[in-house]
Amino acid sequence: MAVLLRSGALPARLEGIEERRVCGGLGADTIATGKIGSVVGVMFILIFMAMAYGIFGLFADIVLIVNLLMIVGVSALFGATLTLPGIAGIVLTLGMAVDANILPFERIRDEVREGVPTLRAVDYGFERSTKTVMDGELTNLICALILFQFGAGPIRGFAVTLSIGVATTLFTCLLLTRVFIDYYMNGKSKKIGYIRMK
């Protein structure tokens with residue numbers, strides 16, 4: 001009996017009732033679904049910005065796409081693996097990037113309503129909203145660092161993506177958007193009719 005127990009050759013019948021297998025394909029399917037959801041969300045954001053802010057919204061859309069490409073590029077540079085938490089970090093970053101564009105646009109709109117000349121309104125809009133945008137992004141960066149320090153594997157992936165997104169958002173929204181607007185204005189006092197005043 002002792003020999004049979006050690007060899008595992010007890011004459012006992014095993015009847016299979018149910019068999020389940022879990023493979024890597026399930027993870028791939030989840031990531032693919034997350035990608036589709038992210039693309040749909042980004043499309044809605046792009047449409048909203050174009051409808052709400054006209055040509056400025058189109059500039060914000062271009063900057064948003066550049067921001068997305070920069071996040072993916074920097075992540076690939078560091079050898080980060082795209083996971084579901086990483087996709088969530090990218091989507092959250094794009095949402096914050098939209099907010100970072102809306103703040104100066106709304107400030108410009110307020111200045112124009114008060115009768116400030118167009119070019120000066122653009123200057124005031126970016127100058128007076130920069131501190132607010134930077135405060136918000138700094139808060140997000142602190143949260144991301146805390147998550148990276150104390151979180152587990154998936155949480156760390158989310159924190160890495162979020163941290164990269166904070167840096168790229170500050171660059172694209174505060175610098176690149178302003179470059180597009182300045183180039184469009186071309187040093188002329190144009191009327192901002194494309195920013196809806198309602």
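**Pocket and helices**

A: This is a predicted model. By class, the lining of its largest pocket has 16 nonpolar, seven polar and one charged residues.

Q: How much space lies in the largest pocket?

A: About 470 Å³.

Q: Which residues are closest to its centre?

A: Leu-68, Val-72, Leu-82, Ile-87 and Ile-90. They are among the 24 residues that line the largest pocket.

Q: Which elements give two or more residues to that lining?

A: α2 (25-77), α3 and α5.

Q: And which gives the most?

A: α2, with 12 residues.

Q: Switching to α3. What span should its 30 residues have?

A: Helix α3 covers residues 84-113. At 1.5 Å a residue, α3 should span 44 Å. The end C-alpha atoms of α3 are 44 Å apart, which agrees.

Q: What follows α3?

A: Gly-115 follows α3. The phi of Gly-115 is positive, near 90°.

Q: Now α4 and α5. At what angle do their axes cross?

A: Roughly 170°. The axes of α4 (residues 118-150) and α5 (residues 153-185) come within 8 Å.

Q: Roughly parallel or roughly antiparallel, then?

A: Roughly antiparallel, because the crossing angle is roughly 170° and angles over 145 degrees count that way.

Q: What does the contact of α4 with α5 have by class?

A: The contact of α4 with α5 has 20 nonpolar, seven polar and four charged residues.

Note on methods
Residues are numbered from 1 along each chain as its sequence is written. This is a predicted model: local features need pLDDT of at least 70, side-chain atom pairs count only at pLDDT 80 or more; totals for chains, interfaces and linings use all residues. Side-chain values use heavy atoms; hydrogens and water are left out. Axes are lines fitted to C-alpha atoms, for helices over the stretch in contact, and angles run from 0 to 180 degrees between N-to-C directions. Helices (H or I, at least four residues) and strands (E, at least two) are DSSP runs, numbered from the N terminus. Angles under 35 degrees count as roughly parallel, over 145 as roughly antiparallel, 65 to 115 as roughly perpendicular and the rest as oblique. Ala, Val, Leu, Ile, Met, Phe, Trp, Tyr, Cys and Pro count as nonpolar, Asp, Glu, Lys and Arg as charged, and the others, Gly among them, as polar. The expected span of a helix is 1.5 Å times one less than its number of residues. On a 1 Å grid over the protein atoms alone, a cavity is a set of points where a 1.4 Å probe fits but cannot get out, and a pocket is an open set with protein on both sides within 12 Å along at least five of seven lines; lining residues have an atom within 4 Å of a point. Grid points are joined across faces, edges and corners, and a volume is the space filled by probe spheres set on the points.
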